[in-house]
Amino acid sequence: MKIGIIGLGLIGGSLGLSLRELGHLVFGVSRQEETCEVARDKGIVDEAGVHLSLLAAADIIFICTPINAIAPTISALIPHLQPQTIITDVGSVKTPVVEACSSLWHNFVGGHPMAGTEHSGIFSAQLQLFTNAPYVLTPTDTTPIESVKILQELVTSLGAVVHICSPADHDQAVALISHLPVMISASLVATCTEGAAEKILNLAQNFASSGFRDTSRVGGGNPELGVMMAKYNGKLLARSLQQYRQNLDQIIALIEQEDWQGLEDILTMTQQERAKFL
Ligand code: NAP
């Protein structure tokens, strides 16, 4: 297939590597000529350029820009497209993106690969990023079923595991398991940074190991991505954070009351429940 990618960063670059490996012809569009050069050198694309007209012959186009640029990018792309071209996006929030993009292009299928790293930009692109990762597609009543099927097959061929749900259900679920962890992890890093005297802070920085690496990773990632999650999924994220604050208050109270049994009950429950998520 001829595949277009707009936004050659972590997700767009990784898609390019994986799709070329599968034998597809990949055209990439970046705003900067230097990025196009890197994309060609690293084998992320067959052809790259700064003009959207490069994608005129594409069968499927992945929009891999930050969330706020997805709909404006589609508006700019439309004059170059054939009517049958499928457009999809990879944005981390779906309801506002799908609403805006479906009204711009009839053949739009919302998507979200549940894969990433704390890095961003073209140099962080990696083959296999999507292997065994969930990949959510969020069609609506008006999305062409045939396009969903084509995209589902393509994404499955990347080694990803496709899930199909409504944009609203997607946003509720990711508010819990993706957007909430970013804010919690950021608060963790902020607490460690602000809370201690310099000597203790130095020790903590030297002692930090695997536990801190696991719990701080998503809070130490691309700030723009975190802001976009909050801006576009704000209500659901705030609700998750309030629920989280209640749980935190409960744990604080148990510790202050030296209710070790109560604390053990919670930790036993979370030890059992965590396995259901991973
Ligand atoms: P990224 O590494 O920063 O890449 C985004 C790319 O978009 C940039 O490299 C840039 O590419 C282009 N871009 C930036 N601002 C733009 C603008 N205003 N207009 C047009 N293009 C612009 O970010 P990413 O992590 O790949 O995220 C891209 C999308 O994937 C986002 O919508 C995000 O929600 C979603 N996502 C991210 C993750 C994650 O963990 N990182 C996971 C799943 C989904 P050029 O320089 O080539 O123009």
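Visitor: How many nonpolar, polar and charged residues does the shell around the ligand have?

Guide: The model is a predicted one, in which local features need pLDDT of at least 70 and side-chain atom pairs count only at pLDDT 80 or more, while totals for chains, interfaces and linings use all residues. Residues are numbered from 1 along each chain as its sequence is written, and side-chain values use heavy atoms, with hydrogens and water left out.

The shell has 11 nonpolar, 13 polar and one charged residues (Ala, Val, Leu, Ile, Met, Phe, Trp, Tyr, Cys and Pro count as nonpolar, Asp, Glu, Lys and Arg as charged, and the others, Gly among them, as polar). Of these 25 residues around the ligand, Leu10, Ser30, Thr65, Ser92 and Gly121 come nearest (a residue is near if one of its heavy atoms lies within 4 Å).

At Leu10, a backbone N or O atom is 2.8 Å from a ligand oxygen atom. For Leu8, the distance from a backbone N or O atom to an oxygen atom of the ligand is 3.1 Å. Ile11 places a polar backbone atom 2.9 Å from a ligand oxygen.

Of the 870 Å² that the ligand exposes when taken alone, the protein buries 84% (accessible areas by the Shrake-Rupley method, 1.4 Å probe). Helix 1 (10-21) and strand 7 (111-113) are the elements that contribute two or more residues to the shell (DSSP runs, helices being H or I of at least four residues and strands E of at least two, numbered from the N terminus).

Conventions
Polar contact = N/O pair within 3.5 Å; in protein donor to acceptor, adjacent residues only side chain to side chain.
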